[in-house]
Amino acid sequence: EALVLQREVYARDVARDVSHEHTIMCGNNLATSFLTLERFDDAKTLLRDQLLPAARRSLGFDHDLTLRLGRSLAVALTRNPESTRDDLLEAETIMQDVVRRRRRVFGPTHPETRHVENILSVTRTNLAARVDST
């Protein structure tokens, strides 16, 4: 039921202005719900096709919300049990960029910087395991 409401709020906001920070934040909430429900393809599509391009255009590549969206896309690619090696490579590339930007903008000791460094480490572990199993 909450997912239905989040979709309605996001759809309403998109109709007004897809590039407004509030709209992007509502979309991020929807993507987070998709991840929680393990609807990885829905999260990936929303993040890759709509939210990240809008956030990069309107907020910039270094904005906190843009970086959170990148992190969420990488998580969707990494946690999906059906992810391919290419998905994991994409997740690693995204996380390398997010970590680099987080370190530069927020500093190496910021809690979110440390969090994304851990996600990058998990992504690399998953990628190595995928390579080892092929």
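Student: Let's begin with Leu 77. Is Leu 77 buried or exposed?

Tutor: The general idea is a cut-off: a residue is called buried when its relative accessible area is under 20%, and exposed when it is over 50%. Keep in mind that this is a predicted model. Here, Leu 77 has a relative accessible area of 1%, so it counts as buried. You can find Leu 77 in helix α4, which covers residues 64-79.

Student: Which residues is Leu 77 in contact with, leaving aside neighbours within four places in sequence?

Tutor: To read contacts, look past the sequence neighbours and see what else touches the residue. For Leu 77, those partners are Lys 44, Arg 48, Ser 83, Asp 87, Leu 88, Glu 90, Ala 91 and Ile 94. Take Glu 90 as an example: Leu 77 and Glu 90 are 13 residues apart in sequence, and their C-alpha atoms are 7.8 Å apart in space.

Student: How can I check the length of helix α5?

Tutor: Compare the expected span with the distance between the two ends. Helix α5 has 22 residues, 85-106, so at 1.5 Å a residue it should span 32 Å; its end C-alpha atoms are 31 Å apart, which agrees. Just after α5 comes Gly 107, with a positive phi of about 95°.

Student: What is the span of helix α2?

Tutor: Helix α2, residues 21-36, reaches 22 Å from its first C-alpha to its last, close to the 22 Å expected for its 16 residues. Its buried residues include Ile 24, Leu 30, Phe 34 and Leu 35. Part of what covers the buried residues of α2 comes from α1, α3 and α4.

Student: What follows α2?

Tutor: Glu 38 follows α2 and has a positive phi, near 60°, although Glu 38 is not a glycine. This residue lies in the loop between α2 and α3. With 54% relative accessibility, Glu 38 counts as exposed.

Student: And Glu 112, is that one buried or exposed?

Tutor: Apply the cut-off again. Glu 112 has 10% relative accessibility, so it counts as buried. Glu 112 is found in helix α6, residues 111-132. Not counting residues up to four places away in sequence, Glu 112 touches Arg 68, Arg 71 and Arg 102.

Student: Now for the whole chain. How many helices and strands are there?

Tutor: Count the elements, then look at their order. The chain has six helices and zero strands, running α-α-α-α-α-α from the N terminus. Its radius of gyration is 15 Å, close to the 14 Å from the globule rule for 134 residues, so the chain is as compact as a globular protein of that length. Buried residues make up 41% of the 134 residues.

Student: How many positive and negative side chains does the chain have?

Tutor: Count each set, then compare their centres. The chain has 20 positive and 20 negative side chains, and the centres of the two sets lie 4 Å apart.

Key: Residues numbered from 1 in each chain as written. Predicted model: local features only at pLDDT ≥ 70, side-chain atom pairs only at ≥ 80, totals over all residues. Heavy atoms only, no water. Helix = DSSP H or I, 4+ residues; strand = E, 2+ residues; numbered from the N terminus. Rg over C-alpha atoms; globule rule 2.2 N^0.38 Å. Buried < 20%, exposed > 50% of the residue type's maximum accessible area, 1.4 Å probe, protein only. Lys, Arg positive; Asp, Glu negative; His and termini not counted. Charge placed at Lys NZ, Arg CZ, Asp CG, Glu CD. Expected span 1.5 Å × (residues − 1). Contact = heavy atoms within 4.5 Å.
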